[in-house]
Amino acid sequence: MKHTNLTLIYTLAVGSLFFSCSDDAEDTDNPIPEATVEITAQDVTITMDEVTQIEDGESLELSLASLADYITVEGAEGVEPVFSIKSQSVDGAFAIEGNNLILNNKTILDFETNPEFTAVVTVTVGDESKDLNVTLTLNDVHEATWSIGPIEVGMYENPENNEQLLIVAISNYNPELDGEVTVTLSEQSPANALRMDGKALLVNDASLFDFETNPTITAKFTVTDANGRTQENVITISLIDVAETSWTAENTAFTIDEHPNSGTVIGNIAPALTDSNIVLSYSISQITPDLLVIDTNGDVIVNHGYLMDYETGDKAATVTITDNQGNSQDIFIVVHLNNIQEPQWGFNVTSQGNITVNENLPNGNTLGIFSQYIVDYREGVHGTLSYSLANESVPGALGVTGQGFLQVNDASAFDYETNPTITATLKATDQRGATNSVPVTITLNDLGELTLNDISVFVSSSSSPGDVAFTPSVFLDGVRIANTDLASDYVVTFSDYKINGQNTASSILELNNSGQVTLLNVLGSQDNFTAIMTVTSAQDQNITVSANVLVRF
């Protein structure tokens, strides 16, 4: 900022002094000179960090500057300058105490609310004054948002020395901005029962963990980050009286690599039994539901490996072991996770997305198994994959199963003349939200089209089995198939017989070697029967046609 010095001049009037006892004329030969006062003022510019935390009992006032250091007064020896606030951008922010510029309340030093404060201060010497500008600029300071809550632990008495009870949880903690934290204990009751190792709370003196002597153990814990921010809360440990049983289970810790596959057995917590009549059962309580399960043998099994993430810390649970005589014991288990390189999965597809098939495929026909093209996928890391379709050129033509099988969903869409090509995007999504996709192009082969019209004929009731009922006319791409070719190159079947409208299991018609349809059975006069005639290429079962047949006697 450019500072401008301004010189103010004022006259100190010195009056003539008259004495009543003298009538001498005014002395014009020696006039009293006028005094000249010069005030030079410099603007005040202050830069400081915003205030993010105020300790209990800390003064809210803050001395900012001695204003006398910013002015120079000449020609007024013995006259003290007087400072006053003329205006300010935030009412009540500044005050003057003597020559000092004071901030009244440090709590307003918040960058997000007021990144800059300004004021105009007037300095007065005698009858003259001069204004100087004050600018206070705040630096934005990282404001931590982490927090801790009270800790309540229920555990059985008589643990081991140095047994780890828990890891202190810190919500919204950012190690890059908040730095390394330290955790300290104070006001323990009884004294020295607990100790900290980093963020791990440990048993310091196991002899104090006796239900009959100290059913409850308490302490205060303080967390301090690298920026000096602290929070305090309480730890309450409630001891459970241990009943006398023939078996004893122990708190157990396991160490495994993060993201094991679901179903992985990471250890066993079953206590040793001396009585063969004892049968144990297990139940588990954990912060993350269904993360671990315990089977009837006491095996600790991973249920959802993708949730076993090193970055989210150790996994702990309380297991209640109960025998068939009504005795029970709770133990604490913790799973320490090793950090591993987590693979990034995806599709390894080159031409697999380009599929060529015949037209007229039935619903449910599998076109491709796309789950086999996924690489670097681990169920323990990524969870279960789900599949979906997008960007379908023929909506509803395709479907995909939960196992990644691409299938025909609408057989009518698989018609070469209508849709020679069908395209879509097949997507796979893991349980952590990551998605990969592959384009799919289905190219249809044009197959020959069979044509067979519905048939209605009259047959004499005096006909005999083996007599010709009719000669069918079947066309392939508009060209009539010779009767002998029909008999040799095609399979002709009859189904769904009905005599006078009633279902029957009897077979009445068949195709002979000459390509004619003959009678197997003869009905009475005035009777009739219906059937469905199906013609299928012996070389390609996808080339087929059906028609209704009505025979009257």
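**Strand pairing, nonpolar cores and local backbone features**

In this predicted model, strand β3 and strand β7, the latter formed by residues 100-103, pair in the antiparallel sense over four bridges. Within this pairing, Ser-63 has Ile-102 of β7 as its bridge partner. The two strands belong to an open sheet of three strands, in which the order is β3-β7-β6 and the pairing is antiparallel. The edges of the sheet are formed by β3 (62-66) and β6 (94-97), each of which pairs on one side only, and the twist from one strand to the next averages 30°. As a general point, the strands of a sheet pair through backbone hydrogen bonds, and they may do so in a parallel or an antiparallel manner.

Confidence in the prediction was considered for the chain as a whole and for one stretch of it. The average pLDDT of the chain is 86, and 92% of the residues score at least 70. Over residues 1-27, by contrast, the pLDDT is below 50, and this stretch has 33 contacts in the model beyond near neighbours in sequence.

The largest nonpolar core has 31 residues, and those with the most contacts inside it are Phe-470, Leu-509, Met-533 and Val-535. Two or more residues are given to this core by each of several strands, namely β34 (455-458), β35 (468-470), β38 (490-499), β40 (509-511), β41 (517-519), β42 (528-537) and β43 (544-552). When residues up to four places away in sequence are not counted, Phe-470 touches Ile-455, Val-457, Leu-509, Gln-516, Val-517, Met-533 and Val-549. Apart from this core lies another one, of 27 residues, which includes Met-155, Leu-165, Val-181 and Met-196.

Strand β43 also holds Thr-544, which counts as partly exposed because its relative accessible area is 39%, a value that falls between the limits of 20% for buried and 50% for exposed residues. Leaving aside residues up to four places away in sequence, Thr-544 touches Leu-450, Thr-534, Val-535 and Thr-536. A separation of 65 Å is found between the C-alpha atoms of Thr-544 and Thr-320, which are 224 residues apart along the chain.

In general, most residues other than glycine have a negative phi, and most peptide bonds are trans. The peptide bond from Ser-189 to Pro-190, however, is cis, with omega near 0°, and Pro-190 is found in the loop between β12 (182-189) and β13 (194-197). A positive phi, near 65°, occurs at Asn-360, a residue other than glycine, which is placed in the loop between β25 (354-358) and β26 (366-369). Asn-391, likewise not a glycine, has a positive phi of about 55° and lies in the loop between β28 (386-390) and β29 (398-400).

Note on methods. Residues are numbered from 1 along each chain as its sequence is written. This is a predicted model: local features need pLDDT of at least 70, side-chain atom pairs count only at pLDDT 80 or more; totals for chains, interfaces and linings use all residues. Side-chain values use heavy atoms; hydrogens and water are left out. Two strands pair if DSSP finds at least two bridges between them. Axes are lines fitted to C-alpha atoms, for helices over the stretch in contact, and angles run from 0 to 180 degrees between N-to-C directions. A nonpolar core is a set of buried Ala, Val, Leu, Ile, Met, Phe, Trp, Tyr and Cys residues joined through side-chain atoms within 4.5 Å. Buried means under 20% relative accessible area, exposed over 50%, partly exposed in between (1.4 Å probe, protein chains only). Contact means heavy atoms within 4.5 Å. pLDDT is the predictor's confidence in each residue, from 0 to 100.
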